[in-house]
Amino acid sequence: MYKDFVNFVREVYQSGDFIPLHGPVFAGNEKKYICDAIDTTFVSSVSEYVDQFEQKLCEFTGAGYAISVVNGTAAIHLALHSLGVGASDEVITQPLTFVATCNAIVYTGAQPIFVDVDWDTMGLSPDRLESFLESHGQIKAGVTFNRITGKRIAACLPMHTFGHPVRIHEIVKICEKWNIPVVEDAAESIGSTCLNQHCGTFTTIGVMSFNGNKIITTGGGGALLTDDGELAGKLKFLSTTAKNPHVWKYRHDELGFNYRMPGLNAALGCAQMEQLSDKIQDKRQIAKAYGNFFASQSYDFVHEREDCYANYWLNTLIMPNEEDKDAFLEYTNKQGIMTRPAWDPMHFHDRFSSNPGVDLGVSEDLYRRAVNIPSSSRV
Ligand SMILES: Cc1ncc(COP(=O)(O)O)c(C=O)c1O
């Protein structure tokens, strides 16, 4: 199968050269808008391109407000900070995620605690979440604490893995019952929807990333999505050093962050947004072709769930076992086809091994068997 796979990928991408996992494509107005931003001299965060980029994000996702920032990690940090997450708190998340999710939790002073993922979504399992809260949660005066550690469970941070929507409706319902705010890490899921609603818009705040490996890029960049106008104002204020509004005075009564997206990056983003729908269509065609290829080889390929529409950010193959996964990675990378395993689960890192005794077997199994294969759009 390995050799056929390499030939198949070369055919899909019409290339005999190195094929990356996910590379950017700049096929539109990128240079024009960046030059224009330079001509205006407004290259930093006070820029019409920043406003335009945020407007385009709202139109595309249906979010009431978008606040663009320097990257997705900063966006998660700011989201948690704005909800009051801080030292001595815990935040529930999934072990199968990129390290940025957990780093952002730690930036607030809180600790991540882990609940396992579902096999089909590869994202936080509502069933596991419910049983974790039943066994570990305790509500005191309307606030949920971890009865083992005594710490407040200040937020829940599910992630839509590789662009496949997590069971977000169920997660939100469970968290409502326990009075736990939810922040969606939608860094990988622009264009993905669940029951026709865009990922990142189901919860108090959703977060996106526009890193160079995402479907659209601003070079480096991220955004916070919310429907709450007051919160949006606060997020914008906090991301611009929390400067009190005044024509000339510099006064900052609250801790702020220099997280606002610069205009140069937003100019790139505006051009990329114009191509987003075409990119997603193309990626879905590639996913369909992979699906057919792997079905003919009796290999397990991750398909979108019923009622969901996936952007197939990174196409995912589940190998029969760890040895096959390693052999596949070895062979394909040697052939110039970039493939990668899923991330090392977060609880495998000493600094994140905070809740022993909780079964995280699905994340561990996916880590041993999942492989991401080339997924860039061709347009
Ligand atoms: C799941 C997840 N969360 C957060 C991030 C952080 O985004 P950024 O790289 O823009 O900081 C990324 C992406 O890189 C990600 O994949």
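**Close-up 1. Packing of helix α2 against helix α9 in this predicted model.** Helix α2, which covers residues 30-40, packs with helix α9, residues 263-273, at an angle of about 150°, and the axes of the two helices are 8 Å apart. Since angles over 145 degrees count as roughly antiparallel, α2 and α9 are therefore described as roughly antiparallel to each other. The crossing of α2 and α9 is right-handed. On the α2 side the contact is made by Glu30, Tyr33, Ile34, Asp36 and Ala37, while α9 contributes Gly263, Leu264, Ala267, Leu268, Cys270 and Ala271.

**Close-up 2. The loop residue threonine 41, with a positive phi.** Threonine 41 lies in the loop that connects α2 with α3, the latter spanning residues 48-61. Its phi is near 75°, which is a positive value in a residue other than glycine. Is threonine 41 buried or exposed? Because a residue with 12 or fewer other C-beta atoms within 10 Å is classed as exposed, threonine 41, with 9 C-beta neighbours inside 10 Å, counts as exposed.

**Close-up 3. The loop residue serine 298, also with a positive phi.** Serine 298 is placed in the loop between α10 (276-296) and β12 (300-301). Phi of serine 298 is near 55°, again a positive value in a residue other than glycine. With 8 other C-beta atoms within 10 Å, serine 298 is exposed.

**Close-up 4. An open sheet of four strands with mixed pairing.** The four strands of this open sheet follow the order β1-β11-β10-β7, and their pairing is mixed. At the edges stand β1 (65-69) and β7 (183-185), each of which pairs on one side only. Neighbouring strands of the sheet are turned by 20° against each other on average, with direction ignored.

**Close-up 5. Strand β1, its partner β11 and the helix lying across them.** As background to this view, strands of a sheet pair through backbone hydrogen bonds, either parallel or antiparallel. Strand β1 and strand β11 (residues 222-226) run antiparallel and are joined by five bridges. Within this pair, valine 69 stands opposite glycine 222 in β11. Helix α3 lies across both β1 and β11, and α3 runs at about 130° to β1.

Terms used:
Residues numbered from 1 in each chain as written. Predicted model: local features only at pLDDT ≥ 70, side-chain atom pairs only at ≥ 80, totals over all residues. Axes fitted to C-alpha atoms, helices over the stretch in contact; angles between N-to-C directions. Parallel < 35°, antiparallel > 145°, perpendicular 65-115°, else oblique. Left-handed = near helix turned anticlockwise from the far one by under 90°. Contact = placed C-beta atoms within 7 Å. Buried ≥ 20, exposed ≤ 12 C-beta atoms within 10 Å, placed from the backbone. Pairing = 2+ DSSP bridges.
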